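Hi,

Here's the structure I said I'd pass along.

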Amino acid sequence: MYVAVKGGETAIRNAHRLLADERRGDRSVPDITLSQISEQLALAVDRVMAEGSLYDRDLAALAVKQARGDLIEAIFLIRAYRTTLPRFGASEPVDTAAMRIRRRISATYKDLPGGQLLGPTFDYTHRLLEPSLADGNEPPEPETGVATGEAVPRVTDLLGTEGLIEPDPQADPDAEIRDLTREPLEFPADRSLRLQALARGDEGFLLALGYSTQRGYARSHPFVGEIRIGEVEVEVFAEELGFSVPIGRITATECQMVNQFKGSAKAPPQFTRGYGLVFGQSERKAMSMALVERALRWEELGEEQTAPAQDEEFVLSHADNIRATGFVEHLKLPHYVDFQAELELVRRMHAEAKTGDETDGTPRQEAAE
Amino acid sequence: MTERDTSSLPSPSWGGAGGGARSERPRAERKGDAVRPAAPTAPSPTLPHEGGGSGHADTAYNFAYLDEQTKRMIRRAILKGIAIPGYQVPFASREMPMPYGWGTGGVQVTAAILGPDDTLKVIDQGSDDTTNAVAIRGFFARTAGVTTTTSTQDATVIQTRHRIPERTLTENQVLVFQVPIPEPLRFLEPRETETRKMHALEEYGIMHVKLYEDIARHGHIATTYAYPVLVDGRYVMDPSPIPKFDNPKMNRSDALMLFGAGREQRIYAIPPHTDVKSLDFEDHPFEVQRFEEPCALCGSTGVYLDEIVTDDKGGRMFVCSDSDLCEEQRAGQPVDA
């Protein structure tokens, strides 16, 4: 029987209390610490920082814990917190050529200045479950070597000196740096806004779109010019001092795709660029971002638009997983009122169709038929 | 790695938008966080809404959660919306501590217009007791400490999802709608770049064609909620997914109506006493839903009803969607619905 829906407040409170209990899990198992998450689930923390657009390992680890390992929920927690922080300004462009390298590979040159450095990678691991990990066995200490101090120039810079790749467009130093989080996104978006949107975009969405370009939906003939992971210094220009001062280091992954390009009415034959830069260690995201970024540049390069990955409005409007999850999940909110309106219409149309049958023996004919 | 004391996060209240952050004074000082730079302090305009309200606001947050710079930005968008009735004003929607699609636009509009003396009512599907309405009401009770009510006539600000209250609103009231998709042309033309042009050129032919095709195919306009309206003879507007039953309540309303779409970053408005016409044709005039029976609980007629399934044998009962109206009727109070 109908019971007036009352007491929502108590129900919500109790649901959240139960959630907190479930989050804790079996209380005979030790509570996981933030440093355990930050150290041992480091890539989850990286993803939360990248898509949360906030470089703070401790807060990201807290978010992962609070979200019970649901990374999109964790990203949401970080975003909601981030939006309350003041924005003091923008940093100077990060110099990735001066990155303190942990991993650096190029698929275009066998050897190159600075060398190929595999670093910590899943590549070439045999994907066999490792039973000894379940027993908590400690791995051996890593091998170490002596840093050579050799410069590690970017592959695209090496190509650039030969004039084989399009020049990296230089930003106007006097132009105000726009901020996707402080102004509504309007189309067409400039490249910097596109890159901002992709950098915080959902890894899975960009992965699928990047993949689609490889399968012929706006194929861009990509080569991994280079992927590098390591620490870069972040500097801000101090007005009072008149020069830039470092404020800290972040770990970042940069991917520079080098794409074949046969030339068009707008641009000569040359290699073109697709760029990806992500907080923390995430090659999958950086590579996907670079593929999609390149696909989005069809107009300036005079290419034809044929595929979803090239469609700026489609890509940028749907890349944000916090918006996407909110709107998809809002469908579980009550919709009694709209549903009632539809029920009434369908019943009325059924009744009319029935009346029509009775009067002339033929079903109502649709106008389109 | 050293573990930081994350129990004392920097207070969100010292946040500000853009460069304006510098002029905001922190409301509650942060405790023991060595990582972040000290909050700038000067110049320091007095924050409005200090104290006030009947309840006790959580002082870790600025009044009504949003910082004053953000509220000013939203108010500018609201004022522009009021100046151009029915026009969708882009605004830099913030990421709120509730999901997109759950009323972030409405919450931001409410936060921007709420004062300490306001009395807030929040409804979802016409009811004060649906979970999302409860959550949003709780949010403002906590962050603004304003008086909340379930009574339509006592409220000065009413935030709503999917309904307009049955009781006629007055010039002392503001109705704030939560809007999922602000663009009435969206399902006919998915591209924002195109629909903005269509609005600019007042090119609404495709909407009329859509309504005409409904009539040709079904004998009716098959839109039952989010029924498009023409505002002040100029802009076609989505009234949010209210049933078309509620559309006539917008026409020349005494109350200001504000619409917030957070995810889509749009605000629009219907100023008081503005003409709002539901789109129709001379030979197929606009009609609202009619219910054959009165509310099974209070006996009201001419109000919107929810259908309640009472058993698995086809048993149904119809009760008021507006729960406040229903309760008042049952309590025997006179209502001029």
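Which residues of β8(B) sit on one side and which on the other, and are they buried or exposed? On one side you'll find B:Leu256, B:Leu258 and B:Gly260, on the other B:Met257, B:Phe259 and B:Ala261, and all of them are buried, so both faces of the strand are covered. In a regular strand the side chains alternate between the two faces of the sheet. Keep in mind that this is a predicted model.

Put another way, six of the six residues of β8(B), which spans 256-261, are buried, so the strand is largely enclosed by the rest of the structure.

Then there are the neighbours. Strand β5 of chain B (residues 174-178) runs parallel to β8(B), with five bridges joining the two. One pair to click on is B:Leu175, whose bridge partner in β8(B) is B:Met257. Strand β9 of chain B (residues 266-270) pairs with β8(B) too, also over five bridges but in the antiparallel sense; here B:Gly260 stands opposite B:Ile267. β8(B) and β9(B) form a hairpin with four residues between the strands, and B:Gln265 takes a positive phi near 60° there.

On to the chain contacts: 57 residues of chain B are in contact with 50 residues of chain A. On the chain B side, the elements giving two or more residues are α3, α4, α5, β11 and β12. The largest share, four residues, comes from α3(B). By type, that side of chain B divides into 23 nonpolar, 21 polar and 13 charged residues.

Cheers

Technical notes:
Residues numbered from 1 in each chain as written. Chains lettered and ligands numbered in written order. Predicted model: local features only at pLDDT ≥ 70, side-chain atom pairs only at ≥ 80, totals over all residues. Buried ≥ 20, exposed ≤ 12 C-beta atoms within 10 Å, placed from the backbone. Pairing = 2+ DSSP bridges. Contact = placed C-beta atoms within 7 Å. Nonpolar A, V, L, I, M, F, W, Y, C, P; charged D, E, K, R; others polar.
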